[in-house]
Amino acid sequence: LILYKSPDTMDKPPTSAPSAVPRPGEGKRGTEGYIAYLLRQAAAAARLATERALADLGATPPQFMVLTMLEAYPGASGAEVARLAQLTPQTVNLIIRNLERAGAVAKTAHPGHGRVLQLRVTESGRALLAACKERAGSVNQRLSAGLSPAEEAMVRAWLVRVAVELQ
């Protein structure tokens, strides 16, 4: 710490001005903000809440996403999972390696393509996924709190439309 010395501030640390950065929901971080920024802000908040919800399970949101996609699309390849989970193939390879090491995922050779490995969720992976779904469900409940079923359906439809139209 550097102390500024002048006759009126002898050995006093400098005072900091109040922050001009608004909190979420204020200024450009509120309804005045760009929609793309607000989507990113909401996604970051949802990811953090999901990370916290999954933490004591030893799972991460990307691992949860990969397990979810493998349950929905058994036998998918790493490249297919990467596209489904919107992650890079390198990231998915690392996630799969960790899940395989933990016994949550198993690989088998594709019957028609020798170099392609199919992935499937194991019994212990299904147990982990069920626990993750329960925890993530609480985050989803927080996300939709205060919305009527019709409003939630409208938000879901809008989010899907945005994803489809901006691809």
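## Note on a predicted helical model

1. **Helix 2, length.** Start with helix 2 (61-72): at 1.5 Å a residue, its 12 residues should span 16 Å, and its end C-alpha atoms are 16 Å apart, which agrees. The expected span here is 1.5 Å times one less than the number of residues. Helices (H or I, at least four residues) and strands (E, at least two) are DSSP runs, numbered from the N terminus.

2. **What you are looking at.** This is a predicted model, in which local features need pLDDT of at least 70 and side-chain atom pairs count only at pLDDT 80 or more, while totals for chains, interfaces and linings use all residues. Residues are numbered from 1 along each chain as its sequence is written, and side-chain values use heavy atoms, with hydrogens and water left out.

3. **Overall plan.** The chain has 6 helices and 2 strands. From the N terminus, the order is α-α-α-α-β-β-α-α. Of its 167 residues, 23% are buried. Buried means under 20% relative accessible area, exposed over 50%, and partly exposed in between (1.4 Å probe, protein chains only). The chain exposes about 12000 Å², and carbon and sulfur atoms supply 58% of that area. Areas come from the Shrake-Rupley method with a 1.4 Å probe; for residues, only the protein chains shown count as cover.

4. **Contacts along the chain.** Contact means heavy atoms within 4.5 Å. Take the contacts between residues at least 6 apart in sequence: 43% of them join residues at least 24 apart.

5. **Helix 2, burial.** Which residues of helix 2 are buried? They are Pro61, Pro62, Gln63, Phe64, Val66, Leu67, Met69 and Leu70. Their cover includes helix 1, helix 3, helix 4, strand 1 (105-109), strand 2 and helix 5.

6. **Gln63.** This residue of helix 2 counts as buried because its relative accessibility is 13%. The side chain of Gln63 reaches the backbone nitrogen of Thr60 at 3.0 Å. Leaving aside neighbours within four places in sequence, Gln63 is in contact with Gly58, Ile95, Asn98 and Leu99.

7. **The core.** In soluble globular proteins, nonpolar side chains tend to be buried together. The largest nonpolar core here has 20 residues. Those with the most contacts inside this core are Val66, Leu67, Leu70, Val81, Leu99 and Val105. Helix 2, helix 3 (78-85), helix 4 (89-101), strand 2 (117-121) and helix 5 (123-144) each supply at least two of the core residues. A nonpolar core is a set of buried Ala, Val, Leu, Ile, Met, Phe, Trp, Tyr and Cys residues joined through side-chain atoms within 4.5 Å. Leu70 touches Ala76, Val81, Val105, Leu119 and Val121, not counting residues up to four places away in sequence.

8. The 22 residues of helix 5 should span 32 Å at 1.5 Å a residue; the end C-alpha atoms are 31 Å apart, which agrees. Buried in helix 5 are Gly125, Leu129, Cys132, Ala136 and Val139. Seen down the axis, the buried residues of helix 5 fall within an arc of 80 degrees, so they line one face of the helix. The arc is that of the directions from the helix axis to the C-beta atoms. An α-helix has 3.6 residues a turn, so residues three or four places apart point the same way. Glu123, Ala127, Glu134 and Gln141 are exposed, on the face turned away from the buried side. Cover for the buried residues of helix 5 includes helix 1 (35-54), helix 2 and strand 2.

9. Gln41 is in helix 1. Gln41 counts as buried because its relative accessibility is 17%. The side chain of Gln41 makes a polar contact with that of Arg29 (2.9 Å). A polar contact is a pair of N or O atoms within 3.5 Å; within protein, one must be able to donate a hydrogen and the other to accept it, and residues adjacent in sequence count only if both atoms are side-chain atoms. Leu48, also found in helix 1, is partly exposed at 36% relative accessibility.

10. **Check Gln86.** Most residues other than glycine have a negative phi, and most peptide bonds are trans. Gln86 has a positive phi of about 60 degrees although it is not a glycine. Where is Gln86 found? In the loop between helix 3 and helix 4. Gln86 is exposed, with a relative accessible area of 70%.
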